[in-house]
Amino acid sequence: MRKLLAPEGVDREAVLAGEHFMTGDDACAEGAIAAGCRFYAGYPITPSSEIAERMAKRLPQVGGVYIQMEDELASMAAIIGASCAGAKAMTATSGPGFSLMQENIGLAFMMEAPCVVVDVQRGGPSTGLPTLLGQSDMMQARFGSHGDYAVIAYAPASPQEMFDLTVKAFNMAERFRTPVLVMADELVGHMSERVVIDPDKIEIERRPRPEAKPAEGARILPFGANGRGENGVPPMPLAGEGYRVHFTGLTHDERGYPQIDPETQERMIRRKIRKIWDHRDEIVEYEEVELDDAPIVLVAYGSTARAALRALRLARERGLRVGMLRLITAWPFPGRKVEELKDRELIVPEVNAGQMAREVERWARKPVHRVNRLGGAPIAPEEILQKIEEVA
Amino acid sequence: MAVSVRQVEDEALHVIKTDRHPEDEILRKDRLPHIWCPGCGIGVAVTAYIEALKRSDIPREQHVVVSGIGCTGRVAGYVNLDSYHTTHGRAIPFATGLAIANPELEVTVFSGDGDLFAIGGNHIIHAARRNVDLNVICVNNFNYGMTGGQFGPTTPEEAKTTTTPYGNVEDGFNLPYLAAASGAVYVARWTSLHFRPLRDAILRAFQKRGLTFIEVVSPCPTSFGRPNELGEGLDEMEWYRLSCVIDHDADLREIGLSMRKDSHIVVGNFVDVERPEFLERYERVIQRAQGQRSAAQEVGPESKRDQAQAQGGAA
């Protein structure tokens, strides 16, 4: 019987080094393994099931455990439990399962338990389009759990990014002691492309750990004020180390003890939000494509950014100066960058009725042009080009 | 030698005068007083757990308590151990993650009947089926006490609660039967009157590998006792004394609880069997996977196989 403690650095034996032709879902699983994930709890759901299948095959090879839970509620709870025992833990799902995970995503935020949740998005609402593309959960990613919280969410646009951003998701989860979301989509999950895995380029971050040894009478503060000096992220004691910690979903004080009053609510929830928000400049990532001379800017993410890039090229061929801002983190949102672009014509294509477009509008302080499809098929470059020509 | 009343009183006074309560070292004194009502049975279950823990060979720091939501859900907050107070119904899957990520932990889920068998009902049957190494202690007080006494999954037919003002028309679960049918390797039922057998059952649960289940029938004088005219906590304890039948070999199909004053409560250590625990079995998976991987590495790099798979349309 072994502990599934996260490896200190890159476990070279475990990493699938080399150049591969693989699907986004497989690349995501390999990213998790490379990042040190050794516990996966999940429930099968299209179009994310290949991640579970790959983890079921790969985790035991590297001494990890794949457990198939009875539902997504259990899956999410199990990865938080595993995280509290020191494992790097992940689950993957799609829209309906993501909805079921929301309550416990809030618990992970509240307990400050690092973990990674992958949502390979499909068309919704409800059972919707199980096998077909959607980008329908972008707002659920931000606001799906009840109460006020902050979240880190990536939007990979290729199998290579499914690998890279899954590694990064684990690093951010560990660094900030928080759940991190990988908001993939069916197209990115199922497409096969070249994926390069170079163990020398993988960086591994570990959660802050208490320096003081557990001792009778001496208490460390797992949710403590000493977090302020450590970027607002308090050290995390693990189950079984002897610190005798208490973790709860109730509003709690620095010791972790329930404290149900408005002052504690302000102090503790604000600190948990701030530890992410104050570091947004280090977290936020985007790609700029030919922005400098462009009066028209496409703001896109995930698989739709690929169609947007093609539309940009077609437009440039026709002499239209078009640029693109590709969101790599959807949340925190690169608001300041969008603010800089507020005098351009902004076009937001997405496979939903206009979710991230609302956030773009909020920062640009004006209406944007939308290209939407409610799911089922990708937006064609020509549809985006048509909108560019309308706007130009 | 006869012991005078005076002597007994002196001894009692002596205990009261000591500055440390016998359970202080396992309780978070700075969290007391607790929220439980006078006459509630949860405290007895907690004390039985603590006394079992003191007698167990497992080092103190390896004992972990996980609770869900509700009155019994608050147990995690009062024990001076690594303790996790999770969301409603999810104590068992949370504990599953803990126990698998660190098999050295002795994880005990302490929660109520509503948390474990209504909102969390799906989890206990699957955890038992998988035989995850967890101890589940269910304090069954037949109602949702924390929220004001609504009926729950164990409320007997005809019982009155705030949401069955005309009497309950549903049957309550027979918990030991359900746990045993789901695959638990140890199943017991005691009441908050049976402190010593309960303590010993918990101690036995610590020794078992796999999922153990102990039901603790408990008074809830505030929310369940009052509308059902069961009296104060002490009256209910007296009723347990009169109505409990110890039968370790009971037919589990026959031991559902009606909570009628003329009915029996069958208690005992009903099931104690051996069945391989989840991680013991998973060890086989690890060995097979690692054997296959080293064989595959001799054939060729993984990337070639991936390529072949993708080209063959296997994905």
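**View 1. Strand β3 (residues 106-112) of chain B is mostly covered.** Seven of its seven residues are buried (buried means under 20% relative accessible area and exposed over 50%, with partly exposed in between; 1.4 Å probe, protein chains only). Both faces of β3(B) are covered. E106(B), T108(B), F110(B) and G112(B) are buried on one side, and V107(B), V109(B) and S111(B) on the other. This is a predicted model: local features need pLDDT of at least 70, side-chain atom pairs count only at pLDDT 80 or more, and totals for chains, interfaces and linings use all residues. Residues are numbered from 1 along each chain as its sequence is written, chains are lettered from A and ligands numbered from 1 in the order in which they are written, and side-chain values use heavy atoms, with hydrogens and water left out.

View 2. Helices (H or I, at least four residues) and strands (E, at least two) are DSSP runs, numbered from the N terminus. Two strands pair if DSSP finds at least two bridges between them.

**View 3. Helix α10 (residues 233-243) of chain B has buried residues.** These are G233(B), E236(B), W239(B), Y240(B) and S243(B). Seen down the axis of α10(B), they fall within an arc of 115°, so they line one face of the helix (the arc is that of the directions from the helix axis to the C-beta atoms). The face turned away carries the exposed residues L234(B), R241(B) and L242(B). The cover over the buried residues includes β7 (186-191), β8 (212-217), α9 (221-225), β9 (244-246) and β10 (265-272) of chain B.

**View 4. Chain A has an open sheet of five strands.** The order is β11-β13-β12-β15-β16, with mixed pairing. β11 (286-289) and β16 (369-372) of chain A are the edge strands. β12 (residues 296-301) and β15 (residues 345-350) of chain A run parallel, joined by three bridges. V297(A) stands opposite L346(A). Helix α10 (residues 304-317) of chain A lies across β11, β12, β13 (322-327) and β15, at about 170° to β13(A). Helix α13 (residues 381-391) of chain A lies across β12, β13, β15 and β16, at about 160° to β16(A).

**View 5. Chain A meets chain B.** 61 residues of chain A are in contact with 54 residues of chain B (contact means heavy atoms within 4.5 Å). The area buried between them is about 4,800 Å², and carbon and sulfur atoms give 56% of that area (buried area is the accessible area, 1.4 Å probe, that two parts lose on being put together, summed over both). Four salt bridges are counted between the chains (a side-chain nitrogen of Lys or Arg within 4 Å of a carboxyl oxygen of Asp or Glu). D30(B) and R255(A) meet in a salt bridge at 3.5 Å, N to O.

How values were computed: Axes are lines fitted to C-alpha atoms, for helices over the stretch in contact, and angles run from 0 to 180 degrees between N-to-C directions.
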